[in-house]
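Hi everyone, thanks for coming. Please have a look at the sequence and the model on the screen, and then we'll walk through a few places together.

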Amino acid sequence: EIVQDFFEDKELNMSDVDEAVAHGAAIMASHLVGDESIALNDLCIHDVTPLSLGIETKDKALCTVVKKNTRIPLTATYTFTTVYDNQKSVLFPVYEGERPVAKDNSFLGQFVLENIPPYPRGGVNLDSMFEIDRDGILTVR
């Protein structure tokens, strides 16, 4: 409805995703270059994550840390635990996508957390922090 109101006299076919994207891109471009010929006063534009971001778990599932369409900049934390007794390190493969099985999504990279103190499985909490800055740069810690 907002887009329909914005383009007052043009009939929009919102079932055509390409048309909706093109209109959104035109609005965003106008906003970015400071074009005041289009009244954007009542329009609020937010950058969002296009896909969910998460970490592959022991059972090969994608554990979502950041859901798609979350506004950026953002910081999101998820707590994992060790899965083996006396586990010394944990591999964190990072993916983006919407599929429940991690390998069916886009692999972004991985990191290893080492020097975990020896405890029974589940005895150590491991916080994984996803940060996306205003330029869309992802940092995982």
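Here is something to start with: which residues does Ile55 touch, not counting residues up to four places away in sequence? With contact meaning heavy atoms within 4.5 Å, Ile55 touches Ala61, Leu62, Cys63, Phe80, Phe92, Pro93, Val94, Ser128 and Phe130.

A word on the ground rules. This is a predicted model, where local features need pLDDT of at least 70 and side-chain atom pairs count only at pLDDT 80 or more, while totals for chains, interfaces and linings use all residues. Residues are numbered from 1 along each chain as its sequence is written, and side-chain values use heavy atoms, with hydrogens and water left out.

Now the overall layout. The protein chain has 2 helices and 7 strands; these are DSSP runs, numbered from the N terminus, with helices (H or I) of at least four residues and strands (E) of at least two. Along the sequence, the pattern reads α-α-β-β-β-β-β-β-β. Of the 141 residues, 26% count as buried, where buried means under 20% relative accessible area, exposed over 50%, and partly exposed in between, using a 1.4 Å probe and protein chains only.

Back to Ile55. In the largest nonpolar core, which has 17 residues, Ile55 is among those touching the most other members, along with Val66, Leu74, Phe80, Phe92, Leu126 and Phe130. Strands E1, E2, E3, E4 and E6 each supply at least two residues of this core. By nonpolar core I mean buried Ala, Val, Leu, Ile, Met, Phe, Trp, Tyr and Cys residues joined through side-chain atoms within 4.5 Å.

Next, the hairpin. E1 and E2 run antiparallel, joined by 4 bridges; strands pair if DSSP finds at least two bridges between them. In E2, 4 of the 5 residues are buried. Glu56 stands opposite Leu62 in E2, and Lys60, in the hairpin, takes a positive phi near 70°.

How many salt bridges does a search of the whole structure find? There are 2, counting a side-chain nitrogen of Lys or Arg within 4 Å of a carboxyl oxygen of Asp or Glu. One joins Lys60 to Glu56, with the closest N and O atoms 3.9 Å apart, and Glu56 counts as buried at 17% relative accessibility. The other joins Arg141 to Glu131, at 3.0 Å between the closest N and O atoms. That pair links the segment after strand E7 with strand E6, 10 residues apart. Arg141 is exposed at 54%, whereas Glu131 is partly exposed at 22%.
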